[in-house]
Amino acid sequence: MYIRLSREDGENKESESIGNQRKILQRYVKENNLCLVKEYVDDGISGTTFDRPSFNQLLQDIENKVIDMVITKDLSRLGRDYIKTGFYLEDYFPKNNIRYVAITDGIDTYIDSTNNDITPFKAIMNDMYAKDISKKIRSVLKEKQKQGEYMCSIPAYGYKRHSTIKNKLIVDEQVRDIVEKIFDMYANGHGSVEIVNYLNLNKYLSPTGYRKTGLVQDENKTNFNWNEVTLCNMLKNEVYIGNTVQNKRSIISYKVKKFRTVDKEEHIRVENTHEPIIDKDTFEKVQCIIEKRGTNTKLKYDYLLRGLLYCYHCKRKLQIVLKKNSKRNAKSHPYITCSDAKERGCYPLNMNYEKFEKHIIYVVKKICQIYADKEIFYSIYEKYQNKTLDIREGYKKKIEQIDKAIFDINNNLDKMYIDKLRDVLQEEDYVRVSQKLSSERTKLNEQKQELQQKLVVTEEKIETKNQTKEEKELDELIENFLKLEKIDKIYLYRLINKIEIDKDKNIYIYFNFSKLNSINENLDEFIKIEEIINEKEKSLKVV
Ligand SMILES: [Zn+2]
């Protein structure tokens with residue numbers, strides 16, 4: 001007797017239950033005066049595979065000639081893969097002199113009946129059923145993922161399953177602070193190798209180790225070390241900001257239990273499904289650093305500014321390439337270039353990188369020094385803020401004026417139309433004047449759009465109350481940056497958003513902090529103030 005039950009049979013389908021299969025088989029054995037040698041049960045194993053423990057035992061017993069007959073309730077109990085089911089029915093069983101009976105399908109290989117002839121078709125039907133069910137199970141899974149239910153078998157490090165709500169995550173308080181520490185270190189410029197070393201030196205168990213042993217830290221640990229892959233996956237996982245992203249892997253076929261990675265667009269993302277451990281700002285910052293470090297982390301030598309440089313015209317990333325000097329034996333120098341510029345109608349730039357880097361470092365340091373000196377900074381910054389407020393008011397007024405002018409034009413057009421209807425105005429004149437007014441109106445609308453864009457840019461420069469956190473962070477960052485003997489890439493990435501270069505080699509630095517941008521835009525004025533203050537100090541000393 002061979003009995004098999006799996007999830008594709010449906011959870012509550014009583015007719016396929018093990019008890020029911022057994023009843024039918026036992027009745028058959030009794031009615032046909034057969035001698036029952038053994039009962040083989042595979043519980044929870046799909047019919048699409050033949051690699052099942054009890055079925056393997058059954059084959060073993062056939063080879064050892066312990067049994068000479070196999071009965072199942074129906075053909076699908078034997079298997080749902082029609083190729084392999086066919087192999088057993090038409091090849092393996094006959095060769096081993098095994099009589100096979102599928103009771104409810106009326107199949108009996110010892111009796112020559114038409115039922116046996118349609119067996120291959122039954123096998124195909126069973127196979128298609130498995131395919132269909134596999135699709136259904138996957139669509140139910142996807143549906144649950146879309147509801148934000150956490151369907152992965154193992155919760156991410158830092159989370160555990162809710163004790164009563166199915167598929168819901170809660171923070172694992174035991175390791176919350178370790179997750180926080182990891183993100184914090186990375187966001188503050190520590191590299192992944194450094195963080196892995198820190199975790200291992202302090203005897204923290206890897207996520208796998210923690211899952212297996214329940215220990216967060218173990219003085220005597222010998223394995224379960226952290227590695228960079230685990231760490232990077234963690235740093236990129238949105239689970240830590242409260243989002244559930246699933247469907248990252250998908251099964252290739254219901255027959256072959258292999259997975260493929262799914263394109264990012266097809267991932268199922270649901271936001272705010274559980275409590276976040278990491279705030280969104282920190283997470284964003286970490287993603288920025290990961291992206292900018294890129295895959296080049298293993299390069300022996302990397303240019304300090306690689307990844308920050310963009311073409312002012314086409315907005316693409318600029319390349320740094322080595323160019324041999326035309327003189328023989330001359331050293332090759334790195335050049336900045338907009339790649340394939342000629343083919344794409346852009347400018348090739350060809351700018352000496354080394355000089356450029358020196359210049360940028362000088363300017364960035366200068367700006368940071370000015371910021372760090374609060375006396376200099378605030379002497380102009382407030383003026384600058386006021387100036388910006390004035391500019392904003394100016395834009396707003398101009399937009400109002402344009403609105404008024406457009407309103408007037410519309411009114412005039414309406415009046416003219418009525419005059420034309422009353423025959424006060426000649427058709428010819430009406431066309432001429434209304435065309436003139438319409439084109440005027442179009443011009444005004446264009447002006448308005450331009451002003452509105454400028455207004456948005458200006459609004460961004462105006463300090464909001466929400467910036468105290470930014471200020472504290474910036475103070476710390478700049479203090480550390482100015483202390484550095486050798487410039488660290490990570491600090492530059494945190495300070496600078498991007499640097500654009502145009503065809504005339506003008507350089508535009510965009511900082512991540514509005515205050516630094518405001519210094520950059522008024523640099524000359526700031527430097528003047530700095531000089532005046534320095535002069536004052538000098539003269540005081542002389543006195
Ligand atoms: Zn370009």
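A residue is called exposed when its relative accessible area is over 50%, buried when that value is under 20%, and partly exposed in between. In this predicted model, Phe-121 has a relative accessibility of 56% and therefore counts as exposed.

Phe-121 lies in helix α6, and it belongs to a nonpolar patch on the surface that also contains Tyr-82, Ile-83, Ile-124 and Met-128. Together these residues present about 520 Å² of accessible area. Two elements, α4 (82-95) and α6 (119-146), each give two or more residues to the patch. The largest share comes from α6, with 3 residues.

Helix packing can be followed further along the chain. Two packed helices are described by the angle between their axes and the distance between the axes. For helix α7 (residues 176-187) and helix α8 (residues 192-201), the axes come within 10 Å and cross at roughly 150°. Angles over 145 degrees count as roughly antiparallel, and α7 and α8 are therefore roughly antiparallel to each other. The crossing of these two helices is right-handed.

Most residues other than glycine have a negative phi. Asn-33 has a positive phi, near 50°, and is not a glycine. Its place is the loop between α1 (18-31) and β2 (40-43). With a relative accessible area of 73%, Asn-33 is exposed, because the limit for that class is 50%. Phe-224 also has a positive phi, of about 55°, without being a glycine. This residue sits in the loop between α9 (207-213) and α10 (228-236). The relative accessible area of Phe-224 is 25%, so Phe-224 is partly exposed.

The loop between α1 and β2 also holds Val-37. At 47% relative accessibility, Val-37 is classed as partly exposed. Val-37 and Val-66 are 29 residues apart along the chain, and their C-alpha atoms are separated by 7.9 Å. A second pair of this kind involves Leu-305, in the loop between α11 (280-293) and β12 (309-311). Leu-305 has a relative accessible area of 0% and is therefore buried.

Charged side chains come next. Side chains of opposite charge can pair when their charged atoms come close. The structure holds 19 salt bridges. One of them joins Glu-479 and Lys-483, whose closest N and O atoms are 3.8 Å apart. Both residues lie in helix α16 (residues 468-483), where they are 4 residues apart, about one turn of the helix. Glu-479 has a relative accessible area of 49% and so is partly exposed, while Lys-483, at 59%, counts as exposed. The two values fall on either side of the 50% limit that divides these classes.

Another salt bridge links Glu-500 with Lys-498, and here the closest N and O atoms are 3.3 Å apart. Glu-500 is buried, with a relative accessible area of 2%. Lys-498 counts as partly exposed, at 25% relative accessibility.

Glu-393 forms a salt bridge with Arg-392, with 4.0 Å between the closest N and O atoms. In this pair, the relative accessible area of Glu-393 is 41%, which means that Glu-393 is partly exposed. Arg-392 has a relative accessible area of 18% and is therefore buried.

Salt bridges also join into a network, which links Lys-73, Asp-74 and Arg-77.

Conventions: Residues numbered from 1 in each chain as written. Predicted model: local features only at pLDDT ≥ 70, side-chain atom pairs only at ≥ 80, totals over all residues. Heavy atoms only, no water. Patch = residues over 30% accessible without salt bridge, like charges linked within 9 Å, V, L, I, M, F, W, Y side chains within 5 Å. Areas by Shrake-Rupley, 256 points an atom, 1.4 Å probe, with all protein chains shown as cover. Salt bridge = Lys/Arg side-chain N within 4 Å of Asp/Glu carboxyl O. Buried < 20%, exposed > 50% of the residue type's maximum accessible area, 1.4 Å probe, protein only. Axes fitted to C-alpha atoms, helices over the stretch in contact; angles between N-to-C directions. Parallel < 35°, antiparallel > 145°, perpendicular 65-115°, else oblique. Left-handed = near helix turned anticlockwise from the far one by under 90°.
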